[in-house]
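Hi,

Here is the structure I promised to hand over. Have a look at it first, and then read on for my notes.

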2 protein chains.
Amino acid sequence: MYLDIGNVLNTSPGITEQTLDRLDDRVAIAHDRIEEGREAEEHGYAALNLPQTVDTDEIRSALEPFGTPEAVLTVGIGGSALGAATISDALADQTDVEAHFLDNVDPEDTAALLDSLPLDETVLNVVSRSGTTAETLANFLVVREAMEDAGVDWTEQTFVTTGDEGNLRNLADKHDLPSLRVPDGVPGRFSALSTVGLACGALQGIDIEGVVEGARSEMDKLSGSLEDSPGYAYGAVAYALAERGALTNAMMPYAESLEYFAEWFAQLWAESLGKEGLGQTPARALGATDQHSQLQLYRAGPRDKLVTLVRPREREDIDIPETDLEGLSYLGGAGLGDLLDAEFEATEASLAAEDRPNIRIEVDAVDAHGIGELMYAMEAATVMYGELAGVSTFTQPAVEWGKKAARGLLGGGEFEEADAVADKREFTIE
Amino acid sequence: MYLDIGNVLNTSPGITEQTLDRLDDRVAIAHDRIEEGREAEEHGYAALNLPQTVDTDEIRSALEPFGTPEAVLTVGIGGSALGAATISDALADQTDVEAHFLDNVDPEDTAALLDSLPLDETVLNVVSRSGTTAETLANFLVVREAMEDAGVDWTEQTFVTTGDEGNLRNLADKHDLPSLRVPDGVPGRFSALSTVGLACGALQGIDIEGVVEGARSEMDKLSGSLEDSPGYAYGAVAYALAERGALTNAMMPYAESLEYFAEWFAQLWAESLGKEGLGQTPARALGATDQHSQLQLYRAGPRDKLVTLVRPREREDIDIPETDLEGLSYLGGAGLGDLLDAEFEATEASLAAEDRPNIRIEVDAVDAHGIGELMYAMEAATVMYGELAGVSTFTQPAVEWGKKAARGLLGGGEFEEADAVADKREFTIE
């Protein structure tokens, strides 16, 4: 992975080369702390070891009974879906097996999906470490019933990815379902390079080994200096910019195949760093499309943003046919990809010309190696940012309140949080 | 449409009832200005008249030659695609005609789309007011060639939506293509309720008349007091919150069918209001999924956010089957929609409990009327916010720089902006 931070130097907000030097001293200290955590396989830090601890052979052999299905349906939410979706989306060109994700509890969407799926040729992957995630379990119950109604033996087409105990583990034992274990010490949003993120791709016949190799190449770059580690450098610079007022980070890949990557990053960044009044809000964007949507704001709105531009250096191109349309002859002879690259560079320069900070991230290609590099580097960046900010990177305490409230509202027990819902102050305009 | 601003009163940031009173005086003045603009059909303001000026019969009769195709492919970018996509997405349950949008110049994505489309049964809609939008014209040239290569007579399956002059108008004249006119005075991002946004739905057999009626019902509520107009109230309150530090607006619908609505809103809001250092960054989110991604940040991160929660009051539900899974019996008997609603209310209360401002928007249902209401009200909100902030709501000057740079890079003329690209400062970490 290539990281270019030239356009955050002396921008507004921005950092100086002196700031970089001072940051580098802090990176060295944080790196030592991270290495300690990795060596002890501490909660969270253990995720940074996945490129050497994950066993892709084990994943492939657990799933062997399913052969090559027509479709894989992953039922999971948040970190239980986004990593797998990112890999499947980035590498969709490697497979004919469709990947679907039930990561919401919208009844209309679920009904439409179940209608469209070939249920007798679909492998179901239910993912929840605890086995109690309300959305995931509710969806599982609905899908299971749909399979039964369609005369499909769900026990022949289902596997679970879960912890050592709980509902899903019991279910697997009872029905002799293939199962994968969520590794210890790996929070959901850091689980992309584990069984959680790789099983779907394995069933699709995607090169998950290549993804792990790509991740490993970035792991090998972790070091005590940001000048040697693109992941650490990204995290440290983003942190320094946030301290200087860039409270939003617009993640803008110039590749449709990286659209889910931006979603995945948004969870990783928001849920890990949004604590104690700190954090940086990820805004998901897509180049070149969002030049016609968000660029006006990025260039002329409040100076509260870092824009991160991501692209592959190589991609399959399509020639734009020659044309005699007025004023458009310049397009002929170029490819769509050339146009996209020109727009990428134009956007970058357009922000720089207004002293708006932006960072360029490139991979050689959106292939298995490239997506592995990107994902690992962003995980390392998140951990580094968290160390520098001094927050508890691997927890998500603010999510619990709402879970209790929702459960209470549905009659799942007495929770004072549910009472707070009833006390809502209304001021309605119709 | 129902707007509930109870949860922005006395939050942090927040407003008081006294602020609302003072705001209301300014709304009255801004309303007079907007009414003047509407009466004179001034640029931009004219968009707020579309519910009474658009002619859906004309749209339907222009498209009559195409009958009911298998698919509609809209080639357009930004405002030329997002409005149509929002309506098609929201009302997908009304049709079997697939809607696709080529709104980027990613060669891999375009190739995959062209491979999957039944080109001989696909109607092509090329949308560009000027007829010179590089991305749109490049894509059109590629699609046209693909149709020719497939032995399809593209002139029989193509219509254009464009201005009175330019490349696309000339093309329509030359090949006798059906055409629709982009109305005067309506900027792209405000064109959802015109030919630009409605043609795709018309071909899909969607109830576009219902969309216009829904919009009209919100238009009829425009008045000199925010207490009578949900659209104005939303704009005025969002403006007041931004002034008080809520520089981000997380638009979070609790319905998959409104996912594109959040994208459309993001363009409208960012491009209209992001000027002269002002504006509010739209962050696109989706409930309940993003509770497992963004909620931690929204509840515990920087106090720089307004969260806007949107839902339908009614939807088709799916029962969650009864279960003996441990700790999950509370789900049985509820529907997926009940769970989604409980999560909506829990999220709202969870933010309120931390004094984080949030607004509730509801429509009776995500149907033609409901999406029309939502879109019109958000347009009115944008115009009101722009008036209060004193910005030039209907222009997008910061987008031009990049267009020139990209054109220069591709050899389309001499532009100093392209030279700036070559001067980029690099600081690369590999």
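Predicted model: local features only at pLDDT ≥ 70, side-chain atom pairs only at ≥ 80, totals over all residues.

Residues are numbered from 1 along each chain as its sequence is written, chains are lettered from A and ligands numbered from 1 in the order in which they are written, and side-chain values use heavy atoms, with hydrogens and water left out.

Let me start with the interface. Chain A brings 131 residues to the contact and chain B brings 130, where contact means heavy atoms within 4.5 Å. About 11,100 Å² is buried between the two chains, with carbon and sulfur atoms giving 62% of that; this is the accessible area (1.4 Å probe) that the two parts lose on being put together, summed over both. Six salt bridges are counted between chain A and chain B, each a side-chain nitrogen of Lys or Arg within 4 Å of a carboxyl oxygen of Asp or Glu. R425(B) forms a salt bridge with E17(A), with the closest N and O atoms 2.6 Å apart. On the side of chain A that touches chain B, α13(A) gives the most, with twelve residues. Helices here are DSSP runs (H or I, at least four residues), numbered from the N terminus.

Next, helix α15 of chain B, residues 400-409. Its buried residues are W401(B), G402(B), A405(B), A406(B) and G408(B); buried means under 20% relative accessible area, exposed over 50% and partly exposed in between (1.4 Å probe, protein chains only). Down the axis of α15(B), these buried residues fall within an arc of 160°, so they line one face of the helix. The arc is taken from the directions from the helix axis to the C-beta atoms. They pack against α12 (295-300) and α13 (336-352) of chain A, together with α16 (416-422) of chain B. After α15(B) comes G411(B), which has a positive phi, near 80°.

Finally, the two single residues. E209(B) sits in helix α9 (residues 208-219) of chain B and counts as partly exposed, at 25% relative accessibility. Leaving out residues up to four places away in sequence, E209(B) touches T56(B) and R60(B). S223(A) lies in the loop between α9 (208-219) and α10 (230-243) of chain A, and is buried at a relative accessible area of 16%.

Best wishes

Notes:
Helix = DSSP H or I, 4+ residues; strand = E, 2+ residues; numbered from the N terminus.
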